[in-house]
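User: Can you walk me through this one? I'd like to start with the pockets.

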Amino acid sequence: MTTTLDRRAGRVRRYLTVLIATGVGVLSLPSHAQATDHIGPRVSHLARIPGGLGSGSTIGPDGALYVADGTSGSVDRIDPHTGGVSVYATGLPPRVLPIGGAVDVAFVGRQAYALVTMVGGDIVGGPHIGDAAGGIYRLDGPGRVSLVADIGAWSVAHPPMTGYFVTTGVQYAMEVYQGGILVSDGHHNRVLRVTLDGRISQFEPFGNVVPTGLEVAGNRVLVSQAGPVPHLPDDGRILALSRHGAPHEVARGASLLVDVEIGPRHRLYGLSQGQWDGVMEGSPALPNTGRLDKVQGAALTPVTDASGTPLVLDRPTSVDFVSHTGYVVSLTGDVYEVTGL
């Protein structure tokens, strides 16, 4: 019997087959952010990473913003005061599809690590993606990286309980946790725990909810969920995970939720990429429909400017905060600052 998942997987297989055969990218629409001259929260352009494909980011021990660049297989450093961009590390496997490659970066102390995905493995019943190892890499110096944990190989050997068609999974974000690293997999629907000596285990499995961003608050782990297609606002949730109890919902109400972070005044924020474009599973939101949301009670509500108009973001992928400023990375490779929070 042909199921809905089978039909969707078939469409994605055909789509990826064309991409692999032609090398054509689909994420090249122009971007912009709206700003306001009023006092209060506002958005302004800060920088653009050279590879033009933004994903995960973090604030480093020096206070700079570090952004994973999947196109060039690098991690870029952005000066938050000047917007100056420099290459921090190279040598990571570059993307072979419109998504993937280096997708996130984190520091354990002063040591940097990068998360790489969708550079190897297979589409079930479809094309071979590649032979590179996807997982966590330690950034050892200019042009030198070391594979710490091969998450792709582990995922092939330990398939999820939910349906899937990418054998290696699609890892999205990572967060430092109790001396190791947590990794979300939005396709295999789970959060993994990785030790710095390369051991991998399942931390929390889910149904078809598409876990994305991660945040750690003490012993509590927060995870954002985009929800299944069409990524409706009611499915965009923030959950709190605990090793001693079942996950519980913190807030909901944002479409295609891709990140969760603790921001100014210890307020919890979610990042909505916006209205799904409807092209296929895994495709992004429509341009300029993204929002930065704050948790109020059990709801996610858009951050607004002084006139009460929601701030507009173009397909954001991650957010980090320093003091009262948020730094938002876009799928287009543009980086914006949200001031006055």
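User: Which residues lie nearest the centre of the second largest pocket?
Analyst: Keep in mind that this is a predicted model. Ser57, Asp104, Met174, Glu175 and Glu261 lie nearest the centre. The lining of this pocket has 23 residues.

User: How much space lies in there?
Analyst: About 240 Å³.

User: Which strand gives the most to that lining?
Analyst: S12 does, with five residues. Several strands supply at least two residues each, among them S2 (57-59), S6 (101-108) and S20 (257-262).

User: And how do the lining residues divide by type?
Analyst: Ten are nonpolar, seven are polar and six are charged.

User: Back to S20. Why is it largely enclosed by the rest of the structure?
Analyst: Five of its six residues are buried, so the rest of the structure largely encloses S20.

User: What joins S20 to S21?
Analyst: Five bridges, and the two strands run antiparallel. Ile262 stands opposite Leu268 in S21. The pair forms a hairpin with five residues between the strands. In the turn, Arg265 has a positive phi of about 60°.

User: New topic. Which residues touch the most other members in the largest nonpolar core?
Analyst: Leu271, Leu292, Val338 and Leu341, out of 20 residues in that core. S21 (268-272), S24 and S26 (334-339) each supply at least two residues of this core.

User: What is Val338 in contact with, leaving aside its neighbours within four places in sequence?
Analyst: Its contacts include Arg42, Val43, Leu292, Leu311 and His324. There is also a second, separate core of 16 residues, including Phe107 and Val119.

Definitions and conventions
Residues numbered from 1 in each chain as written. Predicted model: local features only at pLDDT ≥ 70, side-chain atom pairs only at ≥ 80, totals over all residues. Heavy atoms only, no water. 1 Å grid on protein atoms, 1.4 Å probe; cavity = no way out; pocket = protein on both sides within 12 Å on 5 of 7 lines; lining within 4 Å. Points joined across faces, edges and corners; volume = space filled by probe spheres on them. Helix = DSSP H or I, 4+ residues; strand = E, 2+ residues; numbered from the N terminus. Nonpolar A, V, L, I, M, F, W, Y, C, P; charged D, E, K, R; others polar. Core = buried A, V, L, I, M, F, W, Y, C linked by side-chain atoms within 4.5 Å. Buried < 20%, exposed > 50% of the residue type's maximum accessible area, 1.4 Å probe, protein only. Contact = heavy atoms within 4.5 Å. Pairing = 2+ DSSP bridges.
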